[in-house]
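Subject: A structure for you to explore

Hi there,

Here is the structure I promised to pass on to you. Please have it open while you read the notes below.

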Amino acid sequence: MDVLIEGKKVIKGTITPPPDKSISHRGVILGAISEGITRIERFLPAEDCIRTVDCFRKMGVDIKFVNETTLIIKGAGLKGLKKPETILDAGNSGTTMRLLSGILAGQDFEAIITGDESLKKRPMERVALPLRQMGAKVECTVDGKFAPLKIRGGRLKGISYEMPVASAQVKSAVLLAGLYAEGETTVVEKHKTRDHTERMLLYFGGNITVKGNQVTVAPVEKLTGNDLVVPGDISSAAFFLVAAAINEGSKLLIRDVGLNPTRTGIIDVLLNMGCSLKVLNERELNGEKIADILIEGGGLKGTRVEGDIIPRLIDEIPVIAVAACFAEGETVIKNASELRVKESDRIKAIVENLRRFGAKIEELEDGMVIEGNKNLKPAEVESFKDHRIAMAMAVAAISIKGISKIKNADCVKISFPGFFDILNNVVKGGDADGQF
Ligand code: S3P
């Protein structure tokens, strides 16, 4: 599906972003291996998270949707998963494949997990390596690097693992495998990545100790099912934060946004760029911080985005690059080579598309340099079948006078079904509250 977008717009109203994708996945995973009932409210009914639900159903877990966003999981317990009769399919979802690898490493059966064309090109040795060290047999069946993965769970032993790349998915896989290991398992990170797995393990009765960038999990007899309400996804809110920030005269209230400190790099960057942004009504929801954000448009200047902040905004870089195009002066983004191995090569996708809009942008191996330019022109751009590229380009398109086209934009359903409806509402000054 191609989408036509007319700019240039002012953004007004109130929105509630969709539920957090990372937390929705983890809720299903921990609910499935806990004992008793887990009820998840405001679950993200997007393709990626549904893949996780399907994989656990194939392993015999009873998961029922009460409505589109509420589900009830009858936990199978740590040892209760069944050998799937068919291949598990993670679709486009790296989180499903990598986190499930950690769970499968601890099972007493062999399973195969595959994915779509994009996922089959993404690096999987990063997860296979530590799981093998723990004692599992993990085969990356294509070139020894890529999915399908064949995993034969073993008698695992705890390890201490220093992460060679900043990846919450790899960290989570090792910690989840650690639930099944003999002795403690420790993960040490150079740059702290999102810690939803650690927080949720605690919430489900796990034994987790965090000391700075070091996390240790010790095996427990059981995890206990618990009720969860999923906060709004800051990575989805980010598209609307930037849409409001770059269009002078805009004013948007975004409600119930998850503000886990490992995810809030986008807020720091927008504040550094001189954006008018206020965090209101801070509170806590099952071990995660949430708040409302009030943002007004105009007056952005260029900035530098590099180092420790990168994992705190890795998924937001496509839309930060869009913000940079509308800011005064230069923005430099570095140390972000992980973008090369996301759902698409996001550095290439951003550079190619933003150039089509007339942006001045230089490609770096690990990032980009963008010179702000107010005279952008409408264009036809590609999603590269990558949800975050499609949405970032839609944000650019509504901010440029004329009609632009985003090709293959239906991929937004991977993380944000209803994205274009909400965008249409706020450009009309409407209220998109209650969409989720
Ligand atoms: C995620 C971790 C990040 C992020 C992805 C979701 C998670 O990936 O980009 O969208 O839920 O753990 P990496 O672990 O590859 O950095």
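Below is what I found, starting with how the values were made.

This is a predicted model, in which local features need pLDDT of at least 70 and side-chain atom pairs count only at pLDDT 80 or more, while totals for chains, interfaces and linings use all residues. Residues are numbered from 1 along each chain as its sequence is written, and side-chain values use heavy atoms, leaving out hydrogens and water.

**The annotated site**

UniProt, in an unreviewed entry, places the feature "active site" at Asp-315. UniProt positions are given in the numbering used here, with shortened feature names, and such annotations may be inferred rather than shown by experiment. The same record type also gives "domain: Enolpyruvate transferase" (unreviewed entry) for residues 6–423. The end C-alpha atoms of that span lie 11 Å apart, and the span is 29% helix and 28% strand. Helices (H or I, at least four residues) and strands (E, at least two) are DSSP runs, numbered from the N terminus.

Where does Asp-315 lie? Look in the loop between strand 18 (304–305) and helix 9 (317–325). Asp-315 counts as buried because its relative accessibility is 11%; buried means under 20% relative accessible area, exposed over 50%, and partly exposed in between, with a 1.4 Å probe and protein chains only. Setting aside residues up to four places away in sequence, Asp-315 touches Arg-194, Ser-235, Lys-342, Arg-346 and Arg-388; contact means heavy atoms within 4.5 Å. With Arg-194, the side chain of Asp-315 also makes a side-chain polar contact at 3.2 Å. A polar contact is a pair of N or O atoms within 3.5 Å; within protein, one must be able to donate a hydrogen and the other to accept it, and residues adjacent in sequence count only if both atoms are side-chain atoms.

**Around the ligand**

Asp-315 and Arg-194 are also among the residues around the ligand, a list including Ser-22, Arg-26, Thr-95, Ser-167, Ala-168, Gln-169 and Lys-342. Here a residue is near a molecule or strand if one of its heavy atoms lies within 4 Å of it.

- An oxygen atom of the ligand is 2.7 Å from an N or O atom in the side chain of Ser-167.
- For the side chain of Thr-95, the distance from a ligand oxygen to an N or O atom is 3.4 Å.
- A polar backbone atom of Ala-168 is 3.0 Å from an oxygen atom of the ligand.

Taken alone, the ligand exposes 390 Å², and the protein buries 95% of that. Accessible areas come from the Shrake-Rupley method with a 1.4 Å probe, and for residues only the protein chains shown count as cover.

**Helix 5**

Ser-167 turns up again at the start of helix 5, where one of its side-chain oxygens reaches to within 3.3 Å of the backbone nitrogen of Gln-169. How many of the residues of helix 5 are buried? The count is 11 of the 11 residues (168–178), so helix 5 is largely enclosed by the rest of the structure. Among them are Ala-168, Gln-169, Lys-171 and Gly-178.

**Cysteines**

A disulfide is a pair of cysteine sulfur atoms within 2.5 Å, and by this rule the count comes to zero.

**Backbone details**

Two peptide bonds are cis. One joins Gly-7 and Lys-8, with omega about 0 degrees, and Lys-8 is in the loop between strand 1 (3–7) and strand 2 (12–15). The other runs from Ala-147 to Pro-148, with omega near 5 degrees; Pro-148 is in strand 9 (residues 146–152).

Asn-281, in strand 16 (residues 276–285), is not a glycine and has a positive phi near 60 degrees. Phe-384 is not a glycine either, and its phi is positive at about 55 degrees. Asn-281 is partly exposed at 48% relative accessible area, and Phe-384 is partly exposed at 25%.

Happy exploring!
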